[in-house]
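Reader: Can you walk me through this one? Keep it short, please.
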Amino acid sequence: MPQENMFNRTFHYARGHVLGGNLLTWNRGSNDVWDNWANLTEDQGWSWASIEKYYLRTSRLVAPADHHNTSGQVNPAVHGNGPVQVSLAGFPSELDARVINTSTQVGGRFRFNEDINAGDSVGFGFLQASIATDRRSSAATAYLKPVETRSNLDIIIHTQATRLIQTGYRKGTPEFKMVEISNGPKSPRFLVRAKFEVILATGVVGTPQLLQLSGIGPKKALHALGIHSIVDLADVGQRLADHPLLPNYFTVHSNATFDIVLRDQSVFGALLEQWNTTGTGLFVNSPSNTLGFLRLPPDSTIFENHTDPSSGPLSAHTEILFVQDGFAQFGDIPQPPTGNFLTLLTAVVSPASKGSIFIASADPFEKPLINPAIYSDKFDLLAMVQVMKDSQEFIQSPAWTGFVSATFGALSGVTTDEAMMNHARNFTVTVNHPVGTASMSPKNAKWGVVDSDLLKSRNVTLNP
Ligand SMILES: Cc1cc2nc3c(=O)[nH]c(=O)nc-3n(C[C@H](O)[C@H](O)[C@H](O)COP(=O)(O)OP(=O)(O)OC[C@H]3O[C@@H](n4cnc5c(N)ncnc54)[C@H](O)[C@@H]3O)c2cc1C
């Protein structure tokens, strides 16, 4: 939907139709994030102390594609022994040493963090990616592939769940143990009945959409669309939070950036062939080799008018991603036909803005209305301005001497806070990290969608 606080711009909201996969960045929440969930839900089962053993079962550290010595770049002691494989970048970029040297030399808010996934996520360091040395590793390759031939598992692709169907009550609470599925708007609908339970895991967009289509959501709004309300649950689709992302472009004194790869099909083809045949080269990497998470300065004037929305001191307010070296298109500005570039992505990772997702009609094949309400809370805009300044300060440190030439494009000449805010409103897109539309709350709370057991068994308002 048009974003009121971004001059009514709209931008793309990507949703994959694949089994497993995203931009490969592997980040667990800081210990604060988990402890915050435990406090919010009043269930210590979500605290880091309780969750750690399960996290360790999810993933394991493996060698990078170039088998370089990673000591001091990651802490193997905090990693587990699960099926998702995680590694550092296996093809060096000319930015890596500059980022790490800046953080070790400058310190302070730019301090080095040996392992971003060790509980304290604040600082700059090497990015960990869900890459099995040179291939994508994902929930699908780690969990689904090994069991795909089991006789008690069916994976139905190109099929959409169109409705959950109430099959009865348990202790006065409606039970939905039947799912209606279909291949498309004009295809027949089929019913699948569960013996034990239906686990709904259709993501931040699909989950509220399916609940609302099934009569679980805000009663009045569902009635207005002609949907019979079964459970009146106001928060279904509310509390949407997303990370605003802004690409910051610079020209550089280097002709070794990846710009040529995107401009010249033969260079691209040769690198693809190299990766396919030898598992080496640029294409073994995720889009970034290094990254940094920052807290706002403790004496920031932002806190004069805003409470801190982050989970705590181990959690960042903002992020800088060093997207290799080259012009990476995030948003509407295409790669220029000539020149060598550096792209710094700045993001707000403790957003205070809250949006919503609501179905546009009772038709399950019509796309829902997605409103991330970016910058609707001014904290996020002010935090973005701070991280834009931080990113420029970072690349002005000695480790970058002679590399960066100038700010590029619309960012050129943008120096005042007001101009930076307008720039952010004009060019921000999403990092694709939406969450929150089926929020957990304490048992018996009047808000939220599910309790800390991911069920909603009490305090529901029924509309038989
Ligand atoms: C382009 C992009 C890049 C990203 N990069 C990263 C990254 O590098 N690192 C990171 O940690 N996170 C990244 N993310 C975010 C991350 O992928 C998500 O947070 C995560 O996948 C959410 O998991 P989920 O299980 O909640 O939902 P999803 O992964 O969205 O899974 C939901 C599934 O349900 C299916 N579905 C939805 N509705 C229906 C329906 N009605 N019937 C049947 N099936 C349905 C969907 O097709 C999907 O397969 C990225 C996201 C995007 C879009």
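**Domains, ligand and salt bridges**

Author: The C-alpha centres of domain 1 and domain 2 lie 32 Å apart. The domain bounds come from an automatic or database domain assignment. This is a predicted model: local features need pLDDT of at least 70, side-chain atom pairs count only at pLDDT 80 or more, and totals for chains, interfaces and linings use all residues. Residues are numbered from 1 along each chain as its sequence is written, and side-chain values use heavy atoms, with hydrogens and water left out.

Reader: Which residues make up domain 1 and domain 2?

Author: Domain 1 covers 4-144 + 240-430. Domain 2 covers 153-238 + 438-462. Their contact (heavy atoms within 4.5 Å) takes 24 residues from domain 1 and 31 residues from domain 2.

Reader: What area do domain 1 and domain 2 bury between them?

Author: About 2,200 Å², with 72% of it on carbon and sulfur atoms. Buried area is the accessible area (1.4 Å probe) that two parts lose on being put together, summed over both.

Reader: How many salt bridges across that interface?

Author: Zero by the rule, which asks for a side-chain nitrogen of Lys or Arg within 4 Å of a carboxyl oxygen of Asp or Glu. The interface does have nine residue pairs in polar contact, both at pLDDT 80 or more. A polar contact is a pair of N or O atoms within 3.5 Å; within protein, one must be able to donate a hydrogen and the other to accept it, and residues adjacent in sequence count only if both atoms are side-chain atoms.

Reader: Switching to the ligand. Which residues come nearest?

Author: Asn 22, Leu 23, Leu 24, Thr 25 and Ala 161, of the 15 residues around the ligand (a heavy atom within 4 Å).

Reader: What does Asn 22 put by a ligand oxygen?

Author: A polar side-chain atom, 3.1 Å away. Leu 24 has a backbone N or O atom 3.1 Å from a ligand oxygen. For Thr 25, a polar backbone atom is 2.8 Å from a ligand nitrogen.

Reader: And how many salt bridges by the rule?

Author: Eleven. One is Glu 180 with Arg 163, closest N and O atoms 3.2 Å apart.
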